[in-house]
Amino acid sequence: MRIGKDLVAATATPLVLGILADGESYGYAILRRISELSDGELEWSDGMLYPLLHRLERLGHIESTWGASPGGRPRKHYRLSRSGEAVFAEQRRQWAVVSRALQQVWDDRGDTRANLALGGA
Amino acid sequence: MAGQDRRTALEEQIGQWRAFVARRAAIAPRDVDELEGHLRDQIEGLEASGLSSDEAFLVAVRRMGRLDEVSREFAREHSDRLWKQLVVGEAPSGRRPDGLLPAIALAGAAAIVIKIPALFGLSFGSDAAFYALNLAVLVLPFLAAFLLVRRHAAVGTIVAVAVPFLLAAVVVNAYPFAPDGSTIALTAMHTAVALWIVTGIAYANGDWRSDRARMDFIRFSGEWFIYLVLIGLGGGVLAALTMGVFSAIGLDAAHFVQEWLVPCGLAGAVVIAGWLVEAKQNVIENIAPVLTKLFTPLFTVLLLALVVAGIVQGVSVGAAPGAEAFAQRDLLIIFDVVLLVVLGLLLYSYSARDPDAAAGWFDRLQLLMLIAALAVDVLVLIGMTSRISEFGASPNKLASLGLNVILLVNLAGAAWLQLRFVGGAASFARVERWQTAYVPVYLGWAAIVAVVFPPVFGFA
């Protein structure tokens, strides 16, 4: 299965904010986490993550500091800012509505099909 | 031993990849560090799962994505960096910026159009009122057209830019202005300001809602102005020499200079300055920070001296401190100009600033300048209201009063955010966004003064 570009783009921000809500992280680890969470189905070019992180930083949702990896290489760490927490909470509410609505639509469809099947019999 | 060789080979490959990425203007060196860190993490992860270092490198690079696309994403986020670069997604060396031919053609057209009124007996020297009203209407469309052509603008954008120009042309020429009234001057000035901001729609290629595009336009305005002044200086030398050498051989070139050289040169320079900013952005980029660093302290001193002198002056004539000294009629306008220049300086330094840099001494100095400007603005405002309540309102006074209130809100907001930024409580993006969000207020006010004031005040 390949997830459409628009859907990947739409979910990128809430996913990144959600992962950072669990605690400070860095680019590679964020992508690993997304891959884990979606069983590898949700993937985008690694390089695309960084402009997104920079945008979220410019908007003030996240903050960054340069640290070092265990191997001693410089590594940029990101964490959620206070305004980012509010944005994350808001996005979470919105996505909850969307996902509930989708779930119901599919459940209904399942019901109608079942009913039709019964009616036809 | 073989492992050691593989390491070196891998380091070499990573080094080459890094150099290749670093060539992209939109990706700053620190971002390349970040991407390289990612690449190394990825390679380590892949090696740990059993891939050879060569394979791991290839897979890691492929997962990074197409560099063109990644670079374009970076460019979208960091458009200020591209300011140094001409073509998105292309290596620094490469083809020349296009647009020279359209620029020359449109500059020529502007120079011709500005002389068309001469066919109807209007001369640049003696019909100052006509040209003052129409200068922006005659010249700026060509700059806007140049920008639209360069950006291959959509029809909707072209219409959105053309309509305000047409409306302005109708308003300035259809209104029956009294020849010596003040509304004629107000309309002339405010039409020019409004049309300049409309030109910004062309600059942003219709994307005027984006605060990035607005900041780019502010930067463009500053650079354009500097180029125009430079061209003007050269033009002045040319004009003086022309008059000098012709008078030396007994001919008077004054008429030619006044009726042809100055108007045509000015019209052409407006477009050419626009082209220069577009094509040679990187040359002047070094000047913007220097100019702002040079003049911000000087203007801060001027404003502080103004506040002190105003208060001392007010005390010595025994009036309310400050207010009286600022209530002289002629002076009120000059104070507005000072505040506008301060605002311009501020915007210009914002546009030259690295948005990611932390607050430093210069940001504190700007805060001081803003506070001094606020103090001057308040004193001017008090002086103005006292004059209006004493002598009644006039279009000039109301226009300055309105501008002052708008400036006060703008400066107060800017000072507050600057304070929070210097104190580490707000990001620089917040400071920037406040200014970019405020641009339409100036457009609205300029349009109101230009269009609504004359009929309200009987075109006097």
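Two residues are in contact here if their C-beta atoms, placed from the backbone, lie within 7 Å. By that rule, 22 residues of chain B are in contact with 18 residues of chain A. The model is a predicted one, in which local features need pLDDT of at least 70, side-chain atom pairs count only at pLDDT 80 or more, and totals for chains, interfaces and linings use all residues. Residues are numbered from 1 along each chain as its sequence is written, while chains are lettered from A and ligands numbered from 1 in the order in which they are written.

The two chains can be taken in turn. Helices (H or I, at least four residues) and strands (E, at least two) are DSSP runs, numbered from the N terminus. Chain A has four helices and three strands, and its elements follow the order α-β-α-α-β-β-α from the N terminus on. Chain B has 19 helices and zero strands.

A residue is called buried if 20 or more other C-beta atoms lie within 10 Å of its own, exposed if 12 or fewer do, and partly exposed in between, with C-beta atoms placed from the backbone. Of the 121 residues in chain A, 22% are buried. In chain B, which has 460 residues, the buried part is 36%. Contacts can also be sorted by separation along the sequence. In chain A, 47% of the contacts between residues at least 6 apart join residues at least 24 apart. In chain B, residues 24 or more positions apart account for 76% of the contacts with a separation of 6 or more.

The strands of chain A form an open sheet in the order S1-S3-S2, with antiparallel pairing. Two strands pair if DSSP finds at least two bridges between them. Strand S1 (25–26) and strand S2 (62–68) stand at the edges with a single partner strand each, so one side of each has no neighbour in the sheet. Two bridges join S1(A) to strand S3 (residues 74–80) of chain A, and A:Ser25 stands opposite A:Tyr78 in S3(A). Between S2(A) and S3(A) there are seven bridges, and A:Ile62 has A:Leu80 of S3(A) as its bridge partner. S2(A) and S3(A) make a hairpin with five residues between the strands, where A:Gly72 takes a positive phi near 95°.

Now to the side of chain B that touches chain A. Helix H2 (29–48), helix H3 (53–64), helix H4 (67–77) and helix H18 (428–451) of chain B each supply at least two residues to that side. H2(B) gives the largest share, nine residues. By class, this side has six nonpolar, five polar and 11 charged residues. Ala, Val, Leu, Ile, Met, Phe, Trp, Tyr, Cys and Pro count as nonpolar, Asp, Glu, Lys and Arg as charged, and the others, Gly among them, as polar.

Elsewhere in chain B, helix H12 (residues 254–279) packs against helix H6 (residues 100–113) at an angle of about 155°, with the axes 7 Å apart. Axes are lines fitted to C-alpha atoms, for helices over the stretch in contact, and angles run from 0 to 180 degrees between N-to-C directions. H6(B) is therefore roughly antiparallel to H12(B). Angles under 35 degrees count as roughly parallel, over 145 as roughly antiparallel, 65 to 115 as roughly perpendicular and the rest as oblique. Among the residues that make this contact are B:Leu106 of H6(B) and B:Val271 of H12(B). The contact of H6(B) with H12(B) has 12 nonpolar, two polar and no charged residues.

Helix H8 (residues 128–150) of chain B also packs with H12(B), at an angle of about 30° and with the axes 8 Å apart. This makes H8(B) roughly parallel to H12(B). Residues in the contact include B:Phe142 of H8(B) and B:Trp275 of H12(B). The classes here are nine nonpolar, one polar and two charged.

Two loop residues of chain B are left to look at. B:His152, in the loop between H8 and helix H9 (155–174), has a positive phi of about 50° although it is not a glycine. B:His152 counts as exposed because it has 8 C-beta neighbours inside 10 Å. B:Asn205, in the loop between helix H10 (183–203) and helix H11 (211–248), has a positive phi near 55° and is likewise a residue other than glycine. With 16 C-beta neighbours inside 10 Å, B:Asn205 counts as partly exposed.
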